[in-house]
Amino acid sequence: MTTDTPARLLQLLSLLQTPREWPGGELADRLRVSRRTVRRDIDRLRDLGYPVQATMGSDGGYRLVAGKAMPPLVLDDEEAVAIAVGLRAGAGHALEGVDEASVRALAKLEQVLPTRLRHRVSTLQAATTPLTSGDGASIAPETLTVMASTVAGQERLRFAYRAKDGTESRRLTEPYRLVSTGRRWYLVAYDLDRQDWRTFRVDRVRDPFATGARFAPRELPTGSAAEYLRRSIHGRPDARAYEYDVTFHAPAELVAARLPSWLGTPTPDPPDADHGIGNGGDDGSAGAGTGAGAGETSGRSCRVRGSTSDPVEWVAVRLAMLGYEFSIREPRELADCASALAARLGRAVAARPDTPDGTTH
């Protein structure tokens, strides 16, 4: 019999968090207490904010249901390891939908993981290779968790940093936010040595160290970390987003399977749609793409509209990487960039040296 009430409550909570209905008699047997004690413990859990639902009947049953707030969870060893491995795999790549909140969750979980479980997580991750769709460099989860902890705790952060030109430096910062662009993680922070705000690519950070020194958060000039990062990436304070409109000559479901969500959602064109586009279209738009999907289109097409502040060169390359024929309706800058890229690639193929037997590689 479990006489320690807190320990018994945790054991009861662990049972109830299994998605099933527990008869009162079975809970009493598991906990080796009376049914009356089970009922009292259920009332204690309710007082703590856990929404335990009871069903009437000869034996009665209890189930933990969704409530108005998220109560603390009790995880067994296997569950904790599974969640930590999943969060680590996602956090190491700036995948769409895996943002600062997931990194904070990982930091909280790893902070309380026993050493034996932390070792199991590291061993399992080292023995597996995730197949991810992120375009950015991978990052050690420990780097992100240290940064997330200092952001949440308003604690100064010191780290080694490698700039774009390869210059190495040591930075002492007041971290403000971690921001994911869908391809990379960035840290927006106040650089104490330079007395100014800076953005840092997290994949260029080494040896992050929480100093323990607290600070009062400063006011970010733009008010939004995402907006500050956008302006920083484009190197000018007046950087602005532009709209694009692209038609893919492939079914929307095929394009959606390959298109990053940050570029938009394909919408099917009506059967009688007049694209007015293509290679040398009447409206001046540019066509591009000769990849693997050309034979799968069956005459169907879809349209992608969106807005981005990414360089047009990157958007043009990312669209071509999908492997489907596409035509750019707007903007003109994106169409011109795609045309110049196509010409450059054509020259690269034409410049291939011939082999002695007259064939080319």
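Modeller: In this predicted model, Leu73, Leu75 and Ile83 form a nonpolar patch on the surface, and together they have about 250 Å² of accessible area. Isoleucine 83 belongs to helix H4, which covers residues 77–91. Its relative accessibility is 37%, so isoleucine 83 counts as partly exposed; the term applies because the value lies between the limits of under 20% for buried and over 50% for exposed.

Charged side chains may be considered next. A search of the whole structure finds 15 salt bridges. One of them joins arginine 303 to aspartate 245, with the closest N and O atoms 2.5 Å apart. This pair links distant parts of the chain, since arginine 303 is in strand S12 (residues 302–308) and aspartate 245 is in strand S9 (residues 242–248), 58 residues apart. Arginine 303 and aspartate 245 are both buried.

A further salt bridge connects arginine 332 with aspartate 336, and here the closest N and O atoms are 3.1 Å apart. Both residues lie in helix H11 (residues 332–350); because they are four residues apart in that helix, about one helical turn separates them. Arginine 332 has a relative accessibility of 43% and therefore counts as partly exposed. Aspartate 336, with a relative accessible area of 40%, is likewise partly exposed.

Aspartate 203 and arginine 201 also form a salt bridge, with 2.7 Å between the closest N and O atoms. Arginine 201 counts as buried because its relative accessibility is 16%, and the limit for that term is under 20%. Elsewhere, Arg8, Asp41 and Arg44 are linked in a network of salt bridges.

Six aromatic pairs are found in a search of the whole structure. In one of them, phenylalanine 159 and tyrosine 161 are arranged edge-to-face, with 6.3 Å from centre to centre and 75° between the planes. The arrangement is named so because planes over 60 degrees apart count as edge-to-face. Phenylalanine 159 has a relative accessible area of 0% and is therefore buried; tyrosine 161, at 7% relative accessibility, counts as buried too.

Phenylalanine 248 and phenylalanine 326 form a tilted aromatic pair, 5.6 Å centre to centre with 45° between the planes. This pair links distant parts of the chain: phenylalanine 248 lies in strand S9 and phenylalanine 326 in strand S13 (residues 326–330), 78 residues apart. Phenylalanine 248 is buried, its relative accessible area being 0%, and phenylalanine 326 is buried at 2%. Strand S9 thus contains phenylalanine 248 as well as aspartate 245. Returning to phenylalanine 159 and tyrosine 161, these residues form one aromatic cluster with Phe200.

Rings also meet charges. The charged end of arginine 218 sits over the ring of tyrosine 190, 3.9 Å from the ring centre. Arginine 177 places its charged end over the ring of tyrosine 176, at 4.8 Å from the centre.

As to cysteines, a disulfide is a covalent bond between the sulfur atoms of two cysteines. The search of the whole structure finds zero disulfides. Cysteine 302 has a relative accessibility of 0% and so counts as buried, while cysteine 337 counts as buried at 14%.

The loops remain. Leucine 322 lies in the loop between helix H10 (312–320) and S13, and it counts as buried because its relative accessibility is 2%. Leucine 322 is 66 residues from alanine 256 in sequence, yet their C-alpha atoms are 9.8 Å apart in space.

Most residues other than glycine have a negative phi, and most peptide bonds are trans. The peptide bond from glutamate 330 to proline 331, however, is cis, with omega near 5°; proline 331 is placed in the loop between S13 and H11. Arginine 32 has a positive phi, near 60°, and is found in the loop between helix H2 (24–31) and helix H3 (35–47). Its relative accessible area is 60%, so arginine 32 is exposed. Glutamine 195 has a positive phi near 55° and lies in the loop between strand S6 (185–191) and strand S7 (196–201). At 52% relative accessibility, glutamine 195 counts as exposed, because the limit for that term is over 50%.

Notes. Residues numbered from 1 in each chain as written. Predicted model: local features only at pLDDT ≥ 70, side-chain atom pairs only at ≥ 80, totals over all residues. Heavy atoms only, no water. Salt bridge = Lys/Arg side-chain N within 4 Å of Asp/Glu carboxyl O. Buried < 20%, exposed > 50% of the residue type's maximum accessible area, 1.4 Å probe, protein only. Helix = DSSP H or I, 4+ residues; strand = E, 2+ residues; numbered from the N terminus. Phe/Tyr/Trp six-rings, centres within 6.5 Å; stacked < 30°, edge-to-face > 60°. Lys NZ or Arg CZ within 6 Å of the ring centre and 35° of its normal. Patch = residues over 30% accessible without salt bridge, like charges linked within 9 Å, V, L, I, M, F, W, Y side chains within 5 Å. Areas by Shrake-Rupley, 256 points an atom, 1.4 Å probe, with all protein chains shown as cover. Disulfide = S-S within 2.5 Å.
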